[in-house]
Amino acid sequence: MADGVERIADRIARTDRPFTGVSPDDLTPGISGIDLDRPLEDTAAALDELEDVYLRDAVYFHHPRYLAHLNCPVVIPALLGEAVLTAVNSSLDTWDQSAGGTLIERRLIDWTAGRIGFGTSADGIFTSGGSQSNFQALLLAREEALAKAALGASRDVMDRLRIFVSEAGHFSVRKSAKMLGLSPDAVVTVETDARKRMRPQALAWELEQCRWAGFIPMAIVATAGTTDFGSIDPLPAIARLCADSGAWFHVDAAYGCGLLVSRSRRALLNGIERADSVTVDFHKSFFQPVSSSALVVRERATLSHATYHADYLNPARMVEQRIPNQVDKSIQTTRRFDALKLWMTLRIMGPDAVGDLFDEVIDRAAQAWVLLTVDPRFEVVTRSQLSTLVFRYLPPEGATRDLADGANLYAREALASSGAALVAGTKVGDRHYLKFTLLNPETTVDDIAHVLDLIADHAAEYVERRRRTS
């Protein structure tokens, strides 16, 4: 164990780029050719092999030029918590498998609910990530909608349920609707404004259309930090429309939950306290290792929709005995003690320090936005409320301007192949764009400027090559 820790510490300390650029074809033979029925002679040999098949070519999120997805470097107290929880190996489904772990998780849910602004009737559960949290929230919303309508889950009724989410919302909403057995038309996409925030007027119109068509507004999903644009939907206005329509109000704050501990930007989440449920991903903006997420609900009674009693595990009599079994409100049965990572972080660093780190990456994104807006080589879609930026390289005016899509696709691939930096890609309308996702406080403006130069060089190379061959 000590040897392994020393090796990974050394590897991280000397990593000089986020990726080696290795391709699947290059890496696959070395792994598929390993005979798993023939163990190596000792731990040192296994660690040597691990260097070749994993550590050498891993993608290192802690590197300041990793600017791609919503992956963060992890704070050291969380890493300590990860080591402890893995060694003890508690399972957080029942009290008799976790004891203090159960109470620590419950205390953290209460703390998070307090930060959201919920009252004492709130509750929640740790999950594997935002997609699972969103799925469980919509499961609760479906059951609540059916209960309010005093209708059974017939095919006709299920086909009438509708979920409203902005066109910039997370794909897990549509995926959840499919897994919940809803109609293929169940998810209604709501128009966004120029800053990619849901337009309340458009939502009101869609709700009215829903009513006239005889459909049931099951849930409205507001996003507090869209994956591409870092936009935060107008939560107070959406809350009012939820109250008027009777729809469940879910806030997907998987990304923006870091604002809960921000000392300067907490007001961006005003209105979240009116939600029925909230998704938080501590493994994004709280700098925790994967996985560490939670679903928090305003009324604990709604979690009973996920309750099932098994005689061998959590028989119903345990409820009367007030034995706190977390499986009573979880989709999962066996669950890691992922809450310990956040517990150690709060007990060693405190919430203000975590909030300061998140504020720092938001500040860095604002500086990057300035760089992009004054650089004629690029265009940027909108200024983010959080720490993402969607932009693209623009070839010079004239015949080569039509090569923009190909140039940006090529630049991203060439940059990844070089291993010098990693950026993400997305589409806006039918055009290809690049994306910075800043979640590393150690990323500097110089790092960002350098990556922009690399992107421009690769894109210009593509345009020049195409110009010569046309």
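**Cores, a sheet and a pocket in a predicted model**

V251 lies in strand β6 (residues 248-253); helices (H or I, at least four residues) and strands (E, at least two) are DSSP runs, numbered from the N terminus. The structure is a predicted model, in which local features need pLDDT of at least 70 and side-chain atom pairs count only at pLDDT 80 or more, while totals for chains, interfaces and linings use all residues. Residues are numbered from 1 along each chain as its sequence is written, and side-chain values use heavy atoms, with hydrogens and water left out.

Leaving aside residues up to four places away in sequence, V251 touches A222, A224, L235, I272, A275, S277, V278 and T279, where contact means heavy atoms within 4.5 Å. V251 is also one of four residues, with L203, V278 and F358, that touch the most other members of the largest nonpolar core, which has 62 residues. Such a core is a set of buried Ala, Val, Leu, Ile, Met, Phe, Trp, Tyr and Cys residues joined through side-chain atoms within 4.5 Å. Helix α6 (residues 100-116) gives the most to this core, with six residues.

Next comes the sheet. Five strands form an open sheet in the order β1-β11-β12-β10-β9, with mixed pairing; two strands pair if DSSP finds at least two bridges between them. β1 (66-67) and β9 (378-380) stand at the edges with a single partner strand each, so one side of each is left without a neighbour in the sheet. Between β9 and β10 (residues 388-393) the pairing is antiparallel, over three bridges, and F378 stands opposite Y393 in β10.

Last, a pocket. The second largest pocket holds about 550 Å³ of space. A pocket here is an open set of points on a 1 Å grid over the protein atoms alone, where a 1.4 Å probe fits, with protein on both sides within 12 Å along at least five of seven lines; lining residues have an atom within 4 Å of a point. Its volume is the space filled by probe spheres set on the points, which are joined across faces, edges and corners. This pocket is lined by 17 residues, of which R106, D123, R300, D328 and K329 are the closest to its centre. Both α6 and α13 (317-320) supply at least two residues of this lining.

How values were computed: Buried means under 20% relative accessible area, exposed over 50%, partly exposed in between (1.4 Å probe, protein chains only).
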